[in-house]
Amino acid sequence: MVRTAWLLALSLIAQPTLSAEIIEKDQNPQRVTADWKTLFNELFAWNIEKNNDPAKSGFETSVLKKQSLYYSPDSFNKTYKEITSHVEVKEKDGSTKLVSKTADQVFNSREEVLSNPANHEKLQSQNLSDISGMSNLSNDAKDLLGALQSQKGQPIQKNYFTTELGQRVMKALKDTVLIVIPGFGSHTIADYTYPELVEAANIYYGRPAVRRINPQTKKYDGDSAPEKFYEPKKEIMFDVLHPLGLEELGYSTGRDVYSANHLAKWIANLPAAYQNKKLILVGYSKGAGIAHNCVANHPEIRKRTRMIVTIAGVVQGAVPAESAIRTILDETKSTNIDQATNWIKGQPEFVSALLNPVLAPLVTVALNAQALPLVKTAMQAFLHTSIGAKVNENLQVYFGDDLRTLTTADQVDETIKGIYDMSNYARIKWNLENMNEKVFNSPIAIFNLSDITNIKDFFLPAPPVNNQKTISPLTIPQVLSEGTIDHRWFSIDNLFLHLTSLMGFQQSKGGLFDTQVAWVDTKSMYLDERPLSENLTPDELKKMRSEILDVYQKNTGKTLPENFGSLPRNSLLPEAKSIDYVDLGEMRATHWSLAFQQVYKPANVEKGKYYEHTFPRQAFLTALVETLSVYALANPTGGK
């Protein structure tokens with residue numbers, strides 16, 4: 001979900017000890033079960049302090065923590081219920097009844113639970129060794145935990161991997177390589193997802209910070225070809241790799257299995273130094289489904305994969321994608337997605353609209369309004385007048401010259417199927433068929449890390465340092481005296497995300513949404529007690545049962561109950577000793593701010609003179625790698 005986001009709009013897709021109930025079912029007594037969620041959040045809070053320079057960020061550390069941390073010591077299910085549960089209302093006769101919370105009440109509950117000052121303060125003050133389960137770690141893991149504790153409050157002023165602590169972490173993960181799997185539309189751009197982590201590894205190993213595309217061939221070839229770029233210049237310990245472009249990622253707006261096949265091929269073609277490394281697959285957004293498919297469908301990858309980490313991942317679907325697919329099926333009078341895409345390919349006006357970066361948001365409006373005829377009107381307004389050229393010219397200021405568009409009806413077909421892959425129906429179906437020990441038959445840990453957007457952040461940025469003037473809302477351009485936009489305080493990312501996520505906030509229960517994916521849908525089914533009826537209609541449940549009955553029984557040894565839609569969804573997945581499901585909790589961010597410096601950058605404006613997201617990615621990524629390194633030492637064989 002990156003710069004071609006105009007197309008993504010179509011998918012719009014007892015004692016207060018800090019002890020999280022990370023795994024509610026202990027699948028494997030040999031695996032070390034600890035409170036990994038609190039460990040990550042403590043390290044995140046500490047790293048914000050270690051990395052933040054108020055003179056550069058414009059935010060005091062305490063403010064940046066408040067703007068970035070969301071944390072509850074309780075399990076996901078308990079936290080979700082506390083936030084969204086019913087409230088008692090007193091009737092005139094003195095009796096009480098339970099009623100659903102209003103959106104405002106849910107918002108206030110969310111802030112009370114996830115921004116609780118006492119919990120946040122304990123994250124800062126508690127020793128790592130006092131976290132639940134840490135006393136059960138191996139000696140190596142305890143030593144690393146001690147090193148992390150000793151570095152608390154020590155600022156990081158250079159490449160993390162060159163520091164003493166960074167070297168300890170790399171040694172803990174020395175047999176492992178982390179591969180970033182980006183999201184929807186990522187094959188069209190050159191920007192890294194999580195650039196701070198990828199670039200730090202590149203520089204440490206003597207590679208250029210950024211792998212550049214060949215402007216003549218439009219490919220990553222020559223010195224930028226992965227087999228050349230990643231050829232070791234010194235001994236490879238832990239490393240961070242990132243596929244780029246169509247050749248490596250495949251058509252990233254398409255089906256997950258398609259991109260997963262490209263990823264498996266890309267891994268197989270890496271230099272020999274990487275071929276015996278274990279894998280950590282970090283799937284961002286749509287990349288979560290790609291990571292799961294890659295492990296499920298490729299035995300050689302499955303044997304090597306120690307961990308899948310999903311960040312803001314489309315794990316159980318995306319509400320906007322579900323809504324778009326339902327609308328497409330309804331408007332095209334189709335019973336399945338193949339039927340719908342065949343109809344769309346036969347409508348050149350519709351395809352033309354999808355191929356135009358100006359018209360795509362208008363197509364979205366038309367779809368969400370369930371008024372397809374508006375597409376033709378929009379096309380006439382923008383394609384047959386000078387307005388279209390002017391809008392395109394203005395959009396280039398932010399989209400830049402590397403904006404790519406779809407070019408064929410077949411790509412439209414593949415994209416709609418890719419959006420279908422992100423729907424709740426498709427992702428839940430995939431989970432029921434595949435999340436079992438028959439498919440995932442090698443030890444693996446699956447970590448979920450989520451974000452939730454506080455809608456106020458679009459309009460009320462945190463106060464700056466030293467009582468400077470109040471920052472204007474980032475979604476409203478500020479005009480300088482010479483008549484130009486002050487790009488330092490105007491975020492087209494935030495404007496786009498706000499406008500395209502309005503329906504998603506309405507459709508996600510309690511508005512618990514990150515501008516692209518609902519909070520609850522970023523968690524593994526095994527960690528989620530909600531019934532499937534919260535996502536799917538009775539007809540959809542009936543259809544799904546008929547489609548997966550045989551595969552489900554074959555892979556789980558169980559019969560899917562007829563009333564499966566009303567049961568807790570985690571009860572539908574069998575015990576799997578090979579899989580360790582770990583919830584790392586939540587962060588306060590938007591879907592893009594946790595992954596990118598800025599997606600839409602103004603053309604011809606140098607870096608440092610335009611707005612960049614202030615979410616502390618360096619701190620979050622450092623905390624994540626540190627948490628994974630402790631886990632790896634605690635479970636050296638995957639816990640089996």
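Helix 23, residues 424–434, and helix 26, residues 538–556, have axes that come within 9 Å and cross at roughly 25°. Axes here are lines fitted to C-alpha atoms, for helices over the stretch in contact, and angles run from 0 to 180 degrees between N-to-C directions. Helices (H or I, at least four residues) and strands (E, at least two) are DSSP runs, numbered from the N terminus.

Before I go on, this is a predicted model, where local features need pLDDT of at least 70, side-chain atom pairs count only at pLDDT 80 or more, and totals for chains, interfaces and linings use all residues. Residues are numbered from 1 along each chain as its sequence is written, and side-chain values use heavy atoms, with hydrogens and water left out.

Back to the pair. Helix 23 and helix 26 are therefore roughly parallel to each other; angles under 35 degrees count as roughly parallel, over 145 as roughly antiparallel, 65 to 115 as roughly perpendicular and the rest as oblique. On the helix 23 side, the residues that meet helix 26 are Tyr425, Ile428, Lys429, Leu432 and Glu433. Their partners in helix 26 are Glu540, Lys543, Met544, Glu547, Ile548, Val551, Tyr552 and Asn555. Contact means heavy atoms within 4.5 Å. By class, this contact of helix 23 with helix 26 holds 7 nonpolar, 1 polar and 5 charged residues.

Next, helix 8, residues 139–150, and helix 9, residues 164–172. They pack at an angle of about 160°, with axes 10 Å apart, and helix 8 and helix 9 are therefore roughly antiparallel. Helix 8 brings Asp143, Leu144, Ala147 and Leu148 to the contact, and helix 9 brings Leu165, Arg168, Val169 and Ala172. The classes here are 6 nonpolar, no polar and 2 charged residues.

Now two single residues. Buried means under 20% relative accessible area, exposed over 50%, partly exposed in between (1.4 Å probe, protein chains only). The side chain of glutamate 196 makes a polar contact of 2.9 Å with the side chain of arginine 617; a polar contact is a pair of N or O atoms within 3.5 Å, and within protein one must be able to donate a hydrogen and the other to accept it, while residues adjacent in sequence count only if both atoms are side-chain atoms. Leaving aside neighbours within four places in sequence, glutamate 196 touches Gln597, Arg617, Gln618 and Leu621.

Last, serine 75 sits in the loop between strand 1 (69–70) and helix 5 (76–84). Serine 75 is buried, at 5% relative accessibility.

Terms used: Nonpolar A, V, L, I, M, F, W, Y, C, P; charged D, E, K, R; others polar.
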